[in-house]
Amino acid sequence: MIALTFPERGRAEIVDATVPICGPSQILTQALYTGITNGTERNQLLGGNYNPGHWPVTYIGYQHVGRVIEVGERVEGFAVGDVVYSDTPHKEINAAEVGPEANTILMPAGVEPREGALFGVASVAKHAVARADLLPEQKCLVVGAGLIGLLTAQLAAAECSEVWIADLDQARLELAAELGVKPIRVTPEAESWEAVRAEGPFDVVFEASGAPVLDEIVGRGWPGETYPEGPAKPGVTHQSRELDPSRRSKPVPRVVMVAGRDRVSYDFNAGQVHELSILHVSHFDFIDLAEVAELVAAGSLPLGKLIKEEIPIAEAPATYLRLGQEPGSMLGTVFVWNGS
């Protein structure tokens, strides 16, 4: 069988690999479609916080849609021929764990298998929204209109009153508008964030870009004061709660950190005056995955609209070269395997 690896920084290759043995609590699946995780895989490809300079990388990706070819002796609910999603890597054949602790699920009836190749990023977004504990009256901002940002915005819109999304890329913002999310375009110039602040303040900000934007989100310094680097800068979360007599009964403003990065730096004074909470999110669990599968099956989360490229697996090395050099050119990229 074949598999994808990163043998060195910036390069992917297709290699021969050993077919795994099916354990008693596992199933073997033969790949039909696998989805690229633009953030995580680019991070590993180029040596970010998920791979601080260690190559080769042999466990790439976590979005695998395959057909079951073998079932372990203790497995129930799966049969040879079933189409399943598992959070296993870009390999022709994977051994996937099953059960309540494993992210393996039967593809719902009526859902195209290729859509399952984005179940992983959708589940990450679902996990982030659940972590935020949104309320119906709250107003949210998502920073970054990549796959996870677009999915986070759609899922947040089902739970709070108003959702905006900010990005540099006009085409991605146009897609966000088609999906029912209010877009705001920003540019690398700091003053462009005035358009974001004009729509705020926001109760919850999801940071899904990985860019150095916390000074814009949190702000800088105590309001009204001047610092060596200039006057205080307002953030986009709620301003000081000190004069609000009902502040003790209201949720504090929150920044939910979704995208991976090496370090996080923000202005403590600005965060303190907001009484800001900064939350981390990680991967996802079976509950997130099962809820995503239900939403897609019901037509409430149109993953097919986010698939922009279906690429034969033989072209994977060139695709990763593009991911490393031109990440903005890729959105919703799915590999099509030989058994599809």
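The chain is built from 10 helices and 19 strands; both are DSSP runs numbered from the N terminus, with helices (H or I) of at least four residues and strands (E) of at least two. This is a predicted model, in which local features need pLDDT of at least 70 and side-chain atom pairs count only at pLDDT 80 or more, while totals for chains, interfaces and linings use all residues. Residues are numbered from 1 along each chain as its sequence is written, and side-chain values use heavy atoms, with hydrogens and water left out.

**Overall shape and surface**

- For 340 residues, a compact globule would have a radius of gyration near 20 Å, and the 21 Å of this chain agrees with that. The radius is taken over C-alpha atoms, and the globule rule is 2.2 Å times the number of residues to the power 0.38.
- Along the principal axes, the C-alpha atoms fill a box of roughly 65 × 40 × 35 Å.
- Of the 340 residues, 51% are buried. Here buried means under 20% relative accessible area, exposed means over 50%, and partly exposed is in between (1.4 Å probe, protein chains only).
- Among contacts with a separation of 6 or more, 67% link residues 24 or more positions apart; a contact means heavy atoms within 4.5 Å.
- The chain carries 26 positive and 45 negative side chains, and the centres of the two sets lie 5 Å apart. Lys and Arg count as positive and Asp and Glu as negative, while His and the chain ends are not counted. Each charge is placed at NZ of Lys, CZ of Arg, CG of Asp or CD of Glu.

**A helix to look at: α3**

- Because 11 of its 14 residues are buried, α3 is largely enclosed by the rest of the structure. Among the buried ones are F119, V121, V124 and V129.
- The partners that the buried residues of α3 pack against include β5 (83-86), α4 (147-157) and α9 (286-297).
- D133 has a positive phi of about 50° although it is not a glycine, and at 56% relative accessibility it counts as exposed.

**The loop between α6 and β11**

- D203 sits in the loop between α6 (194-199) and β11, and it is buried, with a relative accessible area of 16%.
- D203 and V252 are 49 residues apart in sequence, yet their C-alpha atoms are 7.6 Å apart in space. Beyond neighbours within four places in sequence, the contacts of D203 include E137, H238 and R254.
- P201 belongs to this loop too, and the peptide bond from G200 to P201 is cis, with omega near 0°.

- Q154 lies in α4 and is buried at 12% relative accessible area. Leaving out residues up to four places away in sequence, Q154 touches L179, V181, L301, P302 and L306.
- E275, in the loop between α8 (268-274) and β17 (277-280), has a positive phi of about 50° although it is not a glycine. E275 is partly exposed, with a relative accessible area of 41%.
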